[in-house]
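This report goes through one protein model, part by part. Please keep the sequence and the 3D view open while reading.

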Amino acid sequence: PVLHGNDVVAYFSLGKWSHATMGLPNFAITWHNWTDARDGTNYSYTWWFSSEANRQRFLRNPWKYAPRY
């Protein structure tokens with residue numbers, strides 16, 4: 001999973017010295033990000049969340065939480 005299974009939604013609400021919150025596979029989603037037009041490769045990522053509420057927050061706006069490479 002992305003970020004070794006840490007909950008990316010919880011990450012954005014952590015204080016300065018807080019530890020990452022581990023997500024759970026029962027609150028996972030697989031998000032299809034994009035398809036490479038050159039070769040048709042699909043890029044999908046599995047995200048784990050610590051709660052259904054965080055999973056729903058991600059689904060409402062995945063680009064808010066997705067890494068920007």
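## A contact in the loop

In this predicted model, the side chains of Asp36 and Arg38 are joined by a polar contact of 2.7 Å. Asp36 sits in the loop between strand 1 and strand 2, and Arg38 is found in that loop as well.

Are these two residues buried or exposed? Asp36 has a relative accessibility of 6%, so Asp36 counts as buried, because buried means under 20%. Arg38 has a relative accessible area of 74% and is therefore exposed, since the cut-off for exposed is over 50%. Not counting residues up to four places away in sequence, Asp36 touches Thr41 and Tyr43.

Strand 1 and strand 2 pair in the antiparallel sense, over seven bridges. One of the paired positions is Thr30, whose bridge partner in strand 2 is Thr46.

## Helix 2 and its buried face

Helix 2 covers residues 52-60, and its buried residues are Asn54, Arg55 and Phe58. Viewed down the helix axis, these buried residues fall within an arc of 105 degrees, so they line one face of helix 2. An α-helix has 3.6 residues a turn, so residues three or four places apart point the same way.

What do the buried residues of helix 2 pack against? Their partners are helix 1 (8-11), strand 1 (24-35), strand 2 (42-49) and helix 3 (62-65).

## Aromatic pairs around Phe58

There are eight aromatic pairs in the structure. In one of them, the ring centres of Trp31 and Phe58 are 5.8 Å apart and the ring planes stand at 85 degrees, so this pair is edge-to-face. Trp31 belongs to strand 1 and Phe58 to helix 2, so the pair ties together parts that are 27 residues apart in sequence. Both Trp31 and Phe58 are buried.

Phe58 also pairs with Trp47: the centres of these rings are 4.8 Å apart and the planes are at 40 degrees, so the pair is tilted. Trp47 lies in strand 2 and Phe58 in helix 2, so here the parts tied together are 11 residues apart in sequence. Trp47 counts as buried because its relative accessibility is 2%; for Phe58 the value is 0%, so Phe58 is buried too. One aromatic cluster is formed by Tyr11, Phe12, Trp31, Trp47, Phe49, Phe58, Trp63 and Tyr65.

In soluble globular proteins, nonpolar side chains tend to be buried together. The largest nonpolar core of this model has 11 residues, among them Val2, Val8, Ile29, Trp31, Trp47, Phe58 and Tyr65. Helix 1, strand 1 and strand 2 each supply at least two residues of this core. Strand 1 gives the largest share, three residues.

Tyr65 is a member of this core. Leaving aside neighbours within four places in sequence, Tyr65 is in contact with Val8, Val9, Phe12, Trp47, Arg57 and Phe58.

How values were computed. Residues are numbered from 1 along each chain as its sequence is written. This is a predicted model: local features need pLDDT of at least 70, side-chain atom pairs count only at pLDDT 80 or more; totals for chains, interfaces and linings use all residues. Side-chain values use heavy atoms; hydrogens and water are left out. Buried means under 20% relative accessible area, exposed over 50%, partly exposed in between (1.4 Å probe, protein chains only). Helices (H or I, at least four residues) and strands (E, at least two) are DSSP runs, numbered from the N terminus. The arc is that of the directions from the helix axis to the C-beta atoms. Contact means heavy atoms within 4.5 Å. A polar contact is a pair of N or O atoms within 3.5 Å; within protein, one must be able to donate a hydrogen and the other to accept it, and residues adjacent in sequence count only if both atoms are side-chain atoms. Rings of Phe, Tyr and Trp (its six-membered ring) pair if their centres lie within 6.5 Å; planes under 30 degrees apart count as stacked, over 60 as edge-to-face and the rest as tilted. Two strands pair if DSSP finds at least two bridges between them. A nonpolar core is a set of buried Ala, Val, Leu, Ile, Met, Phe, Trp, Tyr and Cys residues joined through side-chain atoms within 4.5 Å.
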